[in-house]
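Me: Could you take a close look at the aromatic rings in this structure and walk me through how they pair up?

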Amino acid sequence: MSQITWLGPQDPFPTPSHNTDPDANVPGLIAVSDRIYPGQLLQAYQKGIFPWYSDNQPVLWWSPDPRMVLVPKNFKCSESLRKKIRQFCQDPQCEISVDDDFGAVIRACATSSRKDQDGTWITHEIMDAYTTFHEQGHAHSIALKEHGELIGGLYCVALGRMVFGESMFSYKPNASKIALAALSAWCIQNQVAMIDCQQETAHLRSLGAAPISREEFLRQLQISLNPSNIELPWTFDKNILTYWL
């Protein structure tokens, strides 16, 4: 019988380091709930847990082993991407906005088609929950615009000196990569040790991300969540990209 915990509105999350893979048939699945209850996202991220599920499923809460992370200074900025960044920085019609329209960014991530992926895990419930998380100051968006039109971007969660990447999208080639380059440069500037990428993919590997053990991830998470860490300034523009030039 599965030992996976079903969470009610007031139930605490299991601690991944103490409850590793409660069901060996579903490694990484830590808990399940009927919905995302108020306050659950903050509790989950503080324990290194995130939701990932489809519309026809209950809310599935994960803490995978290994965990895909990107050390910001290891972001792979190829020569071709560096050229695109230079063009973006030099074009007065191109800009980066931070937290200006979180809703537009998460909707774009939810509706963008992706190679080898049918549908989206960004359900209406996820959009509502993360929009509230954004209003509470925990979730952020990076939007690339050209002539005032959205061409790419990403959204993420930030707690202490830890950033959790959630999803990216591109309406133009390389737009999401430029957004990730901007986020990586901002992390370097603010001494953020790593960006959580959650799931391992070939695309993330190509950008410099690599898997680490759950144990190491949770250890680094607790360091990054140290209460002495001051709130980081979520404000920057495309000039942050000059780090890679």
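Reply: Happy to! A residue counts as buried under 20% relative accessible area, as exposed over 50% and as partly exposed in between, with a 1.4 Å probe and protein chains only. This is a predicted model, in which local features need pLDDT of at least 70 and side-chain atom pairs count only at pLDDT 80 or more, while totals for chains, interfaces and linings use all residues. Residues are numbered from 1 along each chain as its sequence is written, and side-chain values use heavy atoms, leaving out hydrogens and water.

Trp61 is buried, at 0% relative accessibility, and Phe13 is buried too, at 4%. There are 13 aromatic pairs in the structure (rings of Phe, Tyr and Trp, the latter by its six-membered ring, with centres within 6.5 Å; planes under 30 degrees apart are stacked, over 60 edge-to-face, the rest tilted). Phe13 and Trp61 make an edge-to-face pair, because their ring centres are 4.9 Å apart and their planes stand at 75 degrees. This pair links distant parts of the chain, 48 residues apart: Phe13 lies in the loop between β1 (5-7) and β2 (29-33), and Trp61 in strand β4 (residues 59-62). Strands here are DSSP runs of E with at least two residues, helices runs of H or I with at least four, numbered from the N terminus.

Now to another pair. Tyr45 and Phe133 are tilted, with 6.1 Å from centre to centre and 35 degrees between the planes. Tyr45 belongs to helix α1 (residues 40-46) and Phe133 to helix α4 (residues 124-135), 88 residues apart. Tyr45 is buried at 1% relative accessible area, and Phe133 is buried at 2%.
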